[in-house]
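Take a look at the structure below.

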Amino acid sequence: MNTIIGDYVRSHLKANKRSTMFIFTAILIAATLLCASGFLLYSQWLNEVDTTVKDRGNWHARLGQPVPAEQLKYIQLHPQVDEVYLESQHQSLQLEGTKRPYLDLVQLSDAAWENSPRTGRLLEGRIPKNKGEIIVSKLFFAENPQYQIGDSLQLPIGQRMLDGRPVADYAPRLQGETFQPAGEQAFIITGTINESSVSSYPCYSAYGFADMQTASPQELFNVSLRLRNIDAYETAPQLAGNIGQKPNASGSYAITYNTPLLALYGLKGPGVHGGIALTSGYVLSALLTMGLVMLLFSILIYNAFTVTTASQIRQLGILKSVGATPKQIRRIVLYEALGLACIAIPLGLLLGYAGMAVIIKAIDALLADSANNHLRIAFSWPIVGIAGSASFATVLLSAWTPARKLAKLLPIEAIRNVPATRKAGKTREYRWIHNRLSAEGGLAFSAFAANKKAYRTTIISLTLFITLLVGFQSFAVIWIADQKLALAQKQYTFELSMTTVEQPNPAMMKLLSGLSGVQQQVVYREAEHSLKWDKQRIHPAFAAAGGFQDSYYPGDSGSSFPTDLLQEEGQPRIFLELKGLDSASFAAYCAQIGVDAALFADQGESKAIIVNRTSGNIPSFIEKYNIPETEYLHLTAGDSITIEEDHFSDQPHTGGEYKLAVGAVTGQYPTLDQHYYPLDLVVIVPMDTYEGIVQKLSMERALDYQSITYKMNIPREQLAVARQQAGEILNQYLPPEDWSITTLLSREESNRDAIRSIELLVGGFAILLGCIGITGAFSTVSGNLSARRREFAILRSMGLSPRGMKRMLRLEGLYFGLLPSLLSIPILAGVCGIMLHYAIAATWKDFLAGIPWLQLAGCFILAAGSIGLAYQITGAKIRQENVIDAIKDENL
């Protein structure tokens, strides 16, 4: 019997080439889509990892306090430590006859060099391999052409000093600083690295090789760790405690985590904004895509198997009558499915990988000029295994129900092709259709209603096909519109940044203000500080909304609230942004909020405007996290606040502070094209007041405080000319490393490359979905019409003319073609509504204006046209068939 079943399966597949080819094509495209989607997400994740490693390094945690060489063994031998990356403390090398007086030297261990992002920035030469070898920044050779790679230098090693204390390595050139030598060492320049620094910084960057064999026991090293279990948030504090590092007042250790890399591996730190780690987003996207593809193709393949099994009911009944068991009958259908799947799925997996490789290479070519990293597709056997398993599962699920139904039929019922049970139902008459569309219209609609179960899976599959196809395009339209609107909503189209600790040359600023087409401008400097506050001193409206809730602190377990708020000794420490506006911009801001700017001109008292607002100005955060939109702190004009220089960056604490008198309180942010997080405090002062404040703070952080941002609103058509003019002016007064220009045109160009890649991906998936949607609809309709040959023959024998028959089939095809389109519209409206809900700036109006209506109309016409074509071709064959033969033959 098994031999007979095998022969029957092979002969049936050969005899029914049309249905066989459709099922084979459906399985092929399902496997292709599943594999392509898997490799797309895997490659995207892998490229994110590569970018993060290139930018930050392949480490998981970095100890905040340096470790003596004699204690390194306790870290290196720890069972959870996979690799230790060591960097020496910063050393200053004094130069003679150079534009800048120092080399800032950091020496790296051999493992650190293999992991360091600096290795990828090597321009020429080689990385140091021996003690005394160094690479220097390209700026060293640019400003001192007398040197070249291979030169030997004998340089004093020491420390920059000011008033008897060491100067921080990041500090600009300070008035009165000296150099304290501690010895001399010979160095050989082995290469140059792509690094530069502003002219106010007195050092060139240099990197050497740390020979751990000759390191003294007390020599200090900065330690970065790569862990075996990657659980850095638990392991790193344990290691810090084991080697005697001291925790801070809150009991936590000064540890820096490679948060972006850990998030990609699925680990979410206590201070990371967002509810899930980045890798969870990739897993969710993979599961969603896989589920949608499996659902669509399960319906299509199930429908195809339903049609093909209906054509072999009599043959299977004969097999049952000669001894075939229900289990063997099920096997016939399952063997057919597996036989096709064993060929289609491997081929589909190959096509999926190859197709995605072509698409990713095309995207990489599009983004070659704007991207720092090259995109790549990586082969992965687990992805192939998951896609193959999902494909086989899709085929088996699709074939199981038809196989089970066939196995339940009794032999006599199968041979007669009469269902075992038939529930009597009330026949509906569609008189309103008959009255409006003649007898053929009523017959067409009645036939369509009577065969709705046979057509149900096809309608569902076509509805899902249209939803996915149009949904992909809608996603692209919304994303593109969102990006364009985000740029269009910016107040300023031209942004100039200058990094200098000196006051900008007045002549230069006057020339810049006269650039072509300037309609509006603002000049400001900014600094990041903090304010420790009594949590009871809050505005009554904020108190009524719950005040400082525990969930607002990102350090709390499970908190995902997007804020920079910290808690110390039970009281909040608020992140504070101090902004100094030039006189014209400050006066315009005062006029905007209804305050007299003259109130802040008193040189004896530093007065500020407090933006006393809880919610920030990011609409998506306000809505997503249900942030209260109230006044924030209990402050009124005349109050005084003490602001601390320390904030939440990696900079060392200085202990500096200053006082400000509250001159006015408002809820309006200045127009600076900036985003502000919830529960941050923005403080606005005149530029003179700002300068007076920061001059009394740490001089070592002057580069943080004295950067100037100059924003202008210039019409699009004049941006290119204004950029050229600004470049010529700036080159007269500042070195090129001290300034940069960004315009609306450069942002749009960057977005344009991303938009092209999105369109390429969407187009590739649309072609695959279009192929299977059209072939599925055509095959299903042809099979169902062929199965109704006897029904059409009876209608013809009762007097239905060929013309009436043609009209009936056309109307039935029209009903069938329009229904999936009509059903997909509310689904698409809901999906687009969700996408627009989470968009930054796009609205329904923007979405409707950006839809490619011709493409969408073509999609609907294609879906309906494939059904109409199937009715036309199959109907022509039915109309030409002999009535007596069709009535006598109850099977295909």
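The paragraphs below go through the strands, then the salt bridges, then the surface.

This is a predicted model, in which local features need pLDDT of at least 70, side-chain atom pairs count only at pLDDT 80 or more, and totals for chains, interfaces and linings use all residues. Residues are numbered from 1 along each chain as its sequence is written, and side-chain values use heavy atoms, with hydrogens and water left out.

Start with strand S8, residues 152-162. Helices (H or I, at least four residues) and strands (E, at least two) are DSSP runs, numbered from the N terminus. Of the 11 residues in S8, 8 are buried, so the strand is largely enclosed by the rest of the structure. Buried means under 20% relative accessible area, exposed means over 50%, and partly exposed is in between, with a 1.4 Å probe and protein chains only.

Which strands pair with S8? Two strands count as paired if DSSP finds at least two bridges between them. S10 (residues 178-193) runs antiparallel to S8, joined by 10 bridges. Within that pairing, Leu-153 has Phe-187 as its bridge partner. S4 (residues 91-94) is also antiparallel to S8, with 2 bridges. Here Ser-92 is partnered by Gly-158. S9 (residues 165-166) is antiparallel to S8 as well, again through 2 bridges. Leu-162 and Arg-165 are bridge partners there.

The hairpin of S8 and S9 has 2 residues between the strands. Asp-163 sits in this loop. Its phi is near 55°, a positive value in a residue other than glycine. Most residues other than glycine have a negative phi. Asp-163 is exposed, at 75% relative accessibility. Asp-673 also has a positive phi, near 60°. Asp-673 lies in the loop between strand S20 (657-666) and strand S21 (681-686). With a relative accessible area of 24%, Asp-673 is partly exposed.

Now follow S10 to strand S7, residues 133-137. S7 and S10 pair in the parallel sense over 5 bridges. Ile-134 stands opposite Ile-189 in S10. S7 also pairs with S11 (residues 203-209), in the antiparallel sense over 3 bridges. In S11, Ile-134 has Gly-208 as its bridge partner. How buried is S7? For this strand, 5 of the 5 residues are buried, so S7 is largely enclosed by the rest of the structure.

Next come the charged pairs. Side chains of opposite charge can pair when their charged atoms come close. A salt bridge here is a side-chain nitrogen of Lys or Arg within 4 Å of a carboxyl oxygen of Asp or Glu. The whole structure holds 12 salt bridges. One of them joins Arg-100 and Glu-143, at 3.3 Å from N to O. Arg-100 is in the loop between S4 and strand S5 (102-108), while Glu-143 is in helix H5 (residues 138-143), 43 residues apart. Arg-100 is buried, with a relative accessible area of 2%. Glu-143 is buried too, at 18%. A network of salt bridges links Arg-100, Glu-143 and Glu-737.

Strand S15 (residues 520-532) supplies Arg-525, which links to Glu-691 in helix H19 (residues 687-694), 166 residues apart. Another salt bridge joins Lys-579 and Glu-526, with the closest N and O atoms 2.5 Å apart. Lys-579 lies in strand S17 (residues 571-581) and Glu-526 in S15, so the pair ties together parts 53 residues apart in sequence. Lys-579 is buried, at 0% relative accessible area, whereas Glu-526 is partly exposed, at 30%.

Finish on the surface. Patches are made of residues with over 30% relative accessible area and no salt bridge; nonpolar side chains (Val, Leu, Ile, Met, Phe, Trp, Tyr) are joined within 5 Å, like charges within 9 Å. Accessible areas come from the Shrake-Rupley method with a 1.4 Å probe; for residues, only the protein chains shown count as cover. Leu-814, Leu-818, Leu-822 and Ile-825 form a nonpolar patch, with about 370 Å² of accessible area together. Leu-822 belongs to helix H24 (residues 802-837). Leu-822 is exposed, at 54% relative accessibility.
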